[in-house]
Amino acid sequence: MNHTISERLFSRASELLPGGVNSPVRAFRSVGGTPFFAKRAEGAYLHDVDGNTYIDYVGSWGPMIAGHAHPNVLDAVARTMVDGLSFGVPNALEVAMAEAITRIVPSCEMVRMVNSGTEATLSAIRLARGATGRTRIVKFEGCYHGHGDSFLVKAGSGVMTLGLPNSPGVPAALADLTLTLPYNDFDAATALFDDMGAEIAAMIIEPIVGNANCILPRDGYLQHLRALCTQHGTILIFDEVMTGFRVALGGAQQRYGVVPDLSTFGKIIGGGMPVGCYGGRRDLMQQIAPAGPIYQAGTLSGNPVAMAAGLATLELIQTPGFHDALERSTHALCDGLESAARDAGIAFHTTRAPGMFGLYFREGLVETFDDAKASDTTRFNRFFHAMLERGVYFAPSAFEAGFMSSAHSDAEITATIAAAREAFALL
Ligand code: PMP
């Protein structure tokens, strides 16, 4: 594959942007090599500036659940944009979006739209702190909740990929208020709450950890956390920026039957436009300004074009059977990859939820952050490049979940597994 134009662009970008990118994992630092620059995308495919085509299992890191450039989404954007790009006064699409989210996710009685997942999680913990009068929060090792100061403590995603779990620039006085727990450890959570439960404003968790590859909750684990939070007056926040509207129409909270106090969303509800959202119990959300005293605002929040793209996407995923089909194709891909690895004698394991998956170069179950870290990342990196060379783009990090869309049909899955057979043979 020729990457001349991408290489030239990346070299120029590296003089102008830190690391050549506007978001760290895009730089291919952990897998090595030069990122390719996109020219356009359609369905399950990304096309780069050098004319190469890739089956895309990143999907812009989650939003593109209906495939890239879906005509319904593009139409909605085109129809909306001619009326103006931003108004600075309320618009009807914001109400339609709030109606859609509160209908699909019953735990969200009210919502506030923001512009990114980071803004959503920052705002949610401010609300939890303001509502409880407590300062401490709890997060889980390997979970990523955006780049807010309070969350850059034992975080996953790019911070983990780059080995920066505790970022410089975060005041210790603030970081000290963030307590961390090992994900899927029942007793550690109980012990922490026995010790300090009365001081903890919020517990925030990715119900399925998509930022340390893809780790699923053990049976009863989310229920256990729910019970602890209820018992100690702590606000339970499900960060469903990745899992929302993906692992079930109503997200992980629907899939596992656990009702959080607050939820955060992003990605899918913007259909590829910049969006975030937090929502939850009415009595809590009523404390947000101007209904209440806890301040949070945004010049472009509820942007009409973003609302239109998100609403069109939500429309598509409410087609009957959408998530069942996504689940089937995720299993078909993962089963195929596992069988190809087995035939090649490679230690390999996958984890899956509808529309998202983890790839691990190791044997055995992956249920904890330590299990995920025990994956052979050198092998992953070689596999990543062997696949890229064969026109398949997986996330450029051993610690990011992969994403499927409704545009990934049998043809793409079969081609991916065939490429994987060749790639595994090279390892
Ligand atoms: N929470 C989770 C679970 C995420 O996966 C991400 C981003 N991948 C965020 C929050 C932050 O969202 P954003 O990048 O839109 O700020």
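**Close-up views of a predicted protein model with its ligand**

Of the 427 residues of the protein chain, 50% count as buried, a residue being buried if 20 or more other C-beta atoms, placed from the backbone, lie within 10 Å of its own, exposed if 12 or fewer do, and partly exposed in between. The model is predicted, with local features needing pLDDT of at least 70 and side-chain atom pairs counting only at pLDDT 80 or more, whereas totals for chains, interfaces and linings use all residues. Residues are numbered from 1 along each chain as its sequence is written.

View 1. Helices (H or I, at least four residues) and strands (E, at least two) are DSSP runs, numbered from the N terminus. Along the principal axes, the C-alpha trace spans about 55 × 55 × 45 Å. Among contacts between residues at least 6 apart in sequence, 73% join residues at least 24 apart, where two residues are in contact if their C-beta atoms, placed from the backbone, lie within 7 Å.

**View 2. The shell of 17 residues around the ligand.** The closest residues are Ser116, Gly117, Thr118, Gly146 and Val241, and a residue is counted as near the ligand if its C-beta atom, placed from the backbone, lies within 6 Å of it. Helix H4 (residues 117-132) gives the most to this shell, with three residues. By class, the shell has four nonpolar, 11 polar and two charged residues; here Ala, Val, Leu, Ile, Met, Phe, Trp, Tyr, Cys and Pro count as nonpolar, Asp, Glu, Lys and Arg as charged, and the others, Gly among them, as polar.

**View 3. The open sheet of seven strands, with mixed pairing.** The strand order is E4-E10-E9-E8-E7-E5-E6, two strands being paired if DSSP finds at least two bridges between them. Strand E4 (110-114) and strand E6 (178-181) stand at the edges with a single partner strand each, so one side of each is left without a neighbour in the sheet. From one strand to the next, the twist averages 20 degrees; axes are lines fitted to C-alpha atoms, for helices over the stretch in contact, and angles run from 0 to 180 degrees between N-to-C directions. Strand E7 (residues 200-205) and strand E8 (residues 235-239) run parallel and are joined by four bridges, with Leu236 in E8 as the bridge partner of Met203. Helix H4 packs on this sheet, touching E4, strand E5 (136-140), E7, E8, strand E9 (262-266) and strand E10 (276-280), and its direction makes about 165 degrees with that of E9. Helix H7 (residues 186-196) lies across E5, E6 and E7, running at about 150 degrees to E6.

**View 4. The open antiparallel sheet of three strands, in the order E11-E12-E14.** E11 and E14 are the edge strands, each pairing on one side only. Strand E12 (residues 356-360) is mostly covered, with five of its five residues buried: Met356, Gly358 and Tyr360 lie on one side, and Phe357 and Leu359 on the other. Five bridges join strand E11 (residues 349-353) to E12, and Thr351 stands opposite Gly358 in E12. In the hairpin of E11 and E12, which has two residues between the strands, Gly355 takes a positive phi near 85 degrees. E12 is also joined to strand E14 (residues 402-403) by two bridges, and Phe403 in E14 is the bridge partner of Met356. Helix H12 (residues 322-344) lies across E11 and E12, running at about 175 degrees to E11.

**View 5. The hairpin of E2 and E3, with four residues between the strands.** Strand E2 (residues 45-48) and strand E3 (residues 53-56) run antiparallel and are joined by three bridges, with His47 standing opposite Thr53 in E3. In the turn, Gly51 has a positive phi of about 90 degrees. E3 runs parallel to strand E13 (residues 392-393), to which two bridges join it, and Ile55 stands opposite Val392 in E13.
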